[in-house]
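Please examine the model shown below before reading on.

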Amino acid sequence: DIQGTTVLHDTISDRPQPLPARYFDTKTTEPISFFLTGLEELLAWQPNSNDEFNVSAVPLAKRQPPLRSGRPRTLVCHDMRGGYLEDRFIQGSATRNPYVFYHWRYIDIFVYFSHHTVTIPPVVWTNAAHRNSVPVLGTFITEGTDGEKLCEACLAGGEEAYGAVAEQLARIAQHYRFDGWLVNIENKLSAAAGGNLPLFLQDLTARVHSAVPGGLVIWYDSVLKDGTLRWQNELNDQNRMFFDACDGLFTNYNWKEEQLERTQRLAGPRLNDVYVGVDVFARGDVIGGGFDTDKSLRLIRQFGLSAAIFAPGWVYEHLGKENFLQNENRFWGLLAQYLPTHSICTLPLTTSFSLGMGTSTFLDGKDEDSGPWYDLSAQDIQPLYPEQQGTLSTSCCLQDAWCGGSSLQLQGTIPPGEERVAVRLFSLQMPAPPKLFLTLLYKLEGPQPDDFTVALEVTTWDSGICFEGNPTSLPEPNGRYHPRLLPAGRGLREPRQGPACPPRGCQELVF
């Protein structure tokens, strides 16, 4: 002190600081997707640096026909064991035999469901759906005694109270870049709360529309206008005010044909905004579930109504992990005739047909990393997987791939005398460009692979047919084009060979 010297003392700790459990898995420290519990957490939510991983990186792709094209739609509501399982890991996980969904072209809206108050869809689902032009909704649900208290606080409290909830829900959808909400009030309401419920729905819908381009709010058939909790299984005068306040109604599952008829009459021009619920687990007094789900779909479509398929993960949960991909293709193949498909409408289109999972990771045909993996964000654009496609069947091959975890396998027997077998993998609905560059990488296997050749063919249709029709049921094309190979030295190449990469064919063509 006499010499003017100052000594500073500081304590340095080498103990690791705990990561917030909401954002990082406590066992692996990996970033995870999360939900919110209760009104207090919802109103306190603010974006912060810890949740940047949860923001979807894939914008909603354009599609044809548009979502509001005047034809019945198909909504899938994913409910599996409480949600936030292996799909919560934002950067993927080493999961063996996971559940994957890849029939995106059959569906129009995807809902991630759980029984937490505010279900924010795991970002891996949003990325995969958006890549296939399918909007994703989270779930806002209240249930039981706690639900009654929450609704009393935010609905009976008046415009300021329910407006704050609507604002937060809209901000959450905007921040994480998903597309809206399924609202499910499964508890009785006081007269005051019930009276304000349509106003809350109307406010939420307006805020979501403003914050999220193409945003949606769909109401689940539960409470009535007087606050009574009683599922109607139809659109009627007891729940119509909720339907009028938002973008659609998701009905309960125990409906009968006469209820579909009444719904059809009452819905009028908004027929396609009624999503008739179908529980694949067939709980309650239902028309059909499991592999008989087509019975329900057939009736729903007869009345021109949209469908909400609840818990199609039945295939995985009920039948098990063994032969999951075969069972999954069978399930959706039985429904295919009742599911209008939509098409990708932008170029470039590139895919290795990876499902976002695998037993290994392949790069340029070589096994770079043996071991299971699961990451829906890495799922490629998928073709349709009908059970049979002419004389050849299409399936996913996990044993061999060019890039990712899987490839598309065409398998079957070509009858004698049939010199040409056509397989349509994609319908791209957009104006045909004057020039188109195509690359196809394939491998032939079989008793006599040298007896086969693979060639690309591009077909075109009249634009009116393409934009209004179903890509799976188009008539004969009005133009067929057989692209020519590019000259040598203009980019034609053979792929890299190696022990894990048998000889393959590679075509790069232009027309």
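**Spaces, strands and rings**

The largest cavity is lined by Y102, H103, W104, R105, Y106, N132, Q382, P383 and L384. The model is a predicted one, in which local features need pLDDT of at least 70 and side-chain atom pairs count only at pLDDT 80 or more, while totals for chains, interfaces and linings use all residues. Residues are numbered from 1 along each chain as its sequence is written, and side-chain values use heavy atoms, with hydrogens and water left out.

Rolling a probe the size of a water molecule over the atoms shows where empty space is left. On a 1 Å grid over the protein atoms alone, a cavity is a set of points where a 1.4 Å probe fits but cannot get out; a pocket is an open set with protein on both sides within 12 Å along at least five of seven lines; and lining residues have an atom within 4 Å of a point.

By class, the lining of the second largest pocket comprises nine nonpolar, ten polar and four charged residues.

Strand β12 also belongs to a sheet. Strands of a sheet pair through backbone hydrogen bonds, either parallel or antiparallel; two strands are taken to pair if DSSP finds at least two bridges between them. In the order β13-β12-β15, three strands form an open sheet with antiparallel pairing. At its edges stand β13 (366-374) and β15 (403-404), each with a single partner strand, so one side of each is left without a neighbour in the sheet. Six bridges connect β12 with β13, and K366 in β13 is the bridge partner of L363. These two strands, β12 and β13, form a hairpin with two residues between them, and D364 in the turn has a positive phi of about 55°. Two bridges pair β12 with β15, where L363 stands opposite C403.

Why is β9 described as largely enclosed by the rest of the structure? Six of its six residues are buried, so the strand is largely enclosed; buried means under 20% relative accessible area, exposed over 50%, and partly exposed in between (1.4 Å probe, protein chains only). In a regular strand the side chains alternate between the two faces of the sheet. From β9, V274, V276 and V278 point one way, and Y275, G277 and D279 the other way. Strand β8 (residues 248-250) runs parallel to β9 and is joined to it by two bridges, with V274 as the bridge partner of L249. Five bridges pair β9 with strand β10 (residues 306-310) in the parallel sense, and G277 stands opposite A308 in β10. From β9 the chain crosses through helix α8 (residues 293-302) to β10 in a right-handed β-α-β crossover; right-handed means that, with the strands pointing away from the viewer, the path from the first strand over the helix to the second runs clockwise. A right-handed β-α-β unit is likewise made by β8, helix α7 (residues 257-267) and β9.

The aromatic rings complete the tour. Rings of Phe, Tyr and Trp (its six-membered ring) pair if their centres lie within 6.5 Å; planes under 30 degrees apart count as stacked, over 60 as edge-to-face and the rest as tilted. The count by this rule is 26 aromatic pairs. One of them is the edge-to-face pair of F34 and Y176, at 6.1 Å centre to centre with 85° between the planes. This pair links parts of the chain 142 residues apart, with F34 in the segment before α1 (38-44) and Y176 in helix α4 (residues 159-176). Both F34 and Y176 are buried.

Conventions:
Nonpolar A, V, L, I, M, F, W, Y, C, P; charged D, E, K, R; others polar. Helix = DSSP H or I, 4+ residues; strand = E, 2+ residues; numbered from the N terminus.
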